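Reader: I would like to learn how to read the features of a protein model. Please take them one at a time.

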Amino acid sequence: MDLTLLLFAALLFAAVLLLVFGVYSSWNGKRGPEAERVARRLRNAIGDIGSELAVSITKERTLSANPRTQRLLEGLPGIARLDRLQLQTGRAMSTAQLCALMLACGVGGLVLASMLTLPWFGRLMLAGVGAALPLLEALRAKRNRITRIEFLLPEALDMMGRAMRAGHAFPTALKLVGDEIPDPLGGEFRAVFDEVNFGVSMPDALMNLATRVPSTDLRYFVIAVLIQRETGGNLTDLLSSISAIIRDRLKLLGQVRVMSAEGRMSAWVLGLLPFVVGAFASLINPGSMDLLFTDPDGRQLLGGAAVMMVMGVIVIRRITHIRV
């Protein structure tokens with residue numbers, strides 16, 4: 001039997017097996033007998049009121065609900081960064097499920113490349129692109145979440161300042177913001193308030209917030225509060241100043257994005273134009289593009305064109321991506 005077919009069958013079997021195992025591990029971690037036993041013991045210890053909150057607060061974050069998968073993932077390089085990324089997206093998916101999804105997408109890309117009868121380097125490239133798709137989507141979700149939090153942060157700081165001027169303590173102001181500000185920022189402040197209530201010190205809870213939300217503006221708030229707790233001062237005026245600075249920065253960022261919109265559109269047009277032209281050429285004259293994939297010189301031309309396109313997109317992005 002062909003070695004390629006055997007390798008493809010083995011990879012497909014492994015991907016399906018990991019996907020089924022990830023789904024089962026997720027279900028077992030939430031609905032399995034071990035989870036039910038822990039929840040029942042917590043209910044007996046603290047009563048029925050607030051038991052669901054206690055379970056969610058005391059549960060440690062793990063890479064997988066299965067101990068063997070946990071030990072296997074802990075030995076992989078870069079798994080800590082992947083788990084931190086998954087935490088920063090705010091999703092309930094575990095790192096094991098994300099790895100299984102990446103493997104399944106990689107095998108799907110390899111299957112698609114085999115159906116298109118691409119050469120080996122093309123198959124490996126398409127499999128790598130497929131495996132990177134879940135990771136790229138997680139990065140996009142992280143950026144969108146941070147952007148949403150940064151737009152909500154000035155209003156949250158103003159609300160905290162008004163609450164503290166009215167006589168409320170800082171933890172009470174955190175709870176007020178968590179109840180009034182919509183998610184995702186409201187949920188993060190509620191998590192800080194719950195951690196403080198369960199015995200975590202305020203500096204540790206704020207540092208956990210900065211880890212979950214890697215936003216520069218939010219870290220300014222965390223650093224300002226920590227310094228104020230050490231040295232003293234008027235925290236309400238400090239929060240008002242930070243809120244005004246964030247609003248001015250967001251306003252300037254909007255102006256910069258408008259002025260750089262033409263460059264970003266140029267990057268999209270120049271990046272997609274070769275593929276659109278190639279697709280139209282293949283539709284109008286079928287077979288006219290086959291020489292680029294079958295002839296060695298054509299493959300070299302495609303490789304050189306791909307490298308130059310990537311370099312051009314990177315240069316345009318560096319020109320149009322202005323940090324404010």
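Reader: Which residue forms a salt bridge with Glu-137, and how far apart are the closest N and O atoms?

Author: First, the ground rules. This is a predicted model, in which local features need pLDDT of at least 70, side-chain atom pairs count only at pLDDT 80 or more, and totals for chains, interfaces and linings use all residues. Residues are numbered from 1 along each chain as its sequence is written, and side-chain values use heavy atoms, with hydrogens and water left out.
A salt bridge is a side-chain nitrogen of Lys or Arg within 4 Å of a carboxyl oxygen of Asp or Glu. Here Glu-137 forms one with Arg-91, and the closest N and O atoms are 2.7 Å apart. The pair links distant parts of the chain, 46 residues apart: Glu-137 is in helix α7, and Arg-91 is in the loop between α5 (79–88) and α6 (95–115). Helices (H or I, at least four residues) and strands (E, at least two) are DSSP runs, numbered from the N terminus.

Reader: Which residues are linked with Glu-188 in a network of salt bridges?

Author: The network links Arg-145, Glu-188, Glu-195 and Arg-212. Take Glu-195, which sits in helix α9. Glu-195 has a relative accessible area of 17%, so it is buried. Contact means heavy atoms within 4.5 Å. Not counting residues up to four places away in sequence, Glu-195 touches Val-200, Ala-205, Asn-208 and Arg-212.

Reader: What joins the side chains of Glu-195 and Asn-208?

Author: A polar contact is a pair of N or O atoms within 3.5 Å; within protein, one must be able to donate a hydrogen and the other to accept it, and residues adjacent in sequence count only if both atoms are side-chain atoms. The side chains of Glu-195 and Asn-208 are joined by one of 3.5 Å. Another such contact, of 2.8 Å, joins the side chains of Ser-243 and Arg-247.

Reader: Where does Ser-243 lie, and what is it in contact with beyond its neighbours in sequence?

Author: Ser-243 is part of helix α12. With a relative accessibility of 1%, Ser-243 counts as buried. Leaving aside neighbours within four places in sequence, Ser-243 is in contact with Pro-154, Leu-157 and Asp-158.

Reader: How many residues does the largest nonpolar core have?

Author: A nonpolar core is a set of buried Ala, Val, Leu, Ile, Met, Phe, Trp, Tyr and Cys residues joined through side-chain atoms within 4.5 Å. The largest one here has 34 residues, and those with the most contacts inside it are Leu-157, Met-160, Phe-170, Leu-185, Leu-206 and Phe-221. At least two residues of this core come from each of α7, α8 (170–180), α9 (185–197), α10 (202–212), α11 (216–231) and α12 (235–259). The most come from α7, which gives nine residues.

Reader: What is Phe-170 in contact with?

Author: Apart from neighbours within four places in sequence, Phe-170 is in contact with Met-160, Met-164, Met-202, Phe-221, Val-225 and Leu-235. There is also a second, separate core of nine residues, including Leu-73, Ala-96, Leu-98 and Met-102.

Reader: Which residues form a nonpolar patch on the surface?

Author: Patches are made of residues with over 30% relative accessible area and no salt bridge: like charges are joined within 9 Å, nonpolar side chains (Val, Leu, Ile, Met, Phe, Trp, Tyr) within 5 Å. Accessible areas come from the Shrake-Rupley method with a 1.4 Å probe, and for residues only the protein chains shown count as cover. The patch here includes Met-265, Trp-268, Phe-280 and Leu-283, and its residues together have about 1,200 Å² of accessible area. Leu-283 is found in helix α13 (residues 261–284). Leu-283 is exposed, with a relative accessible area of 69%.

Conventions:
Buried means under 20% relative accessible area, exposed over 50%, partly exposed in between (1.4 Å probe, protein chains only).
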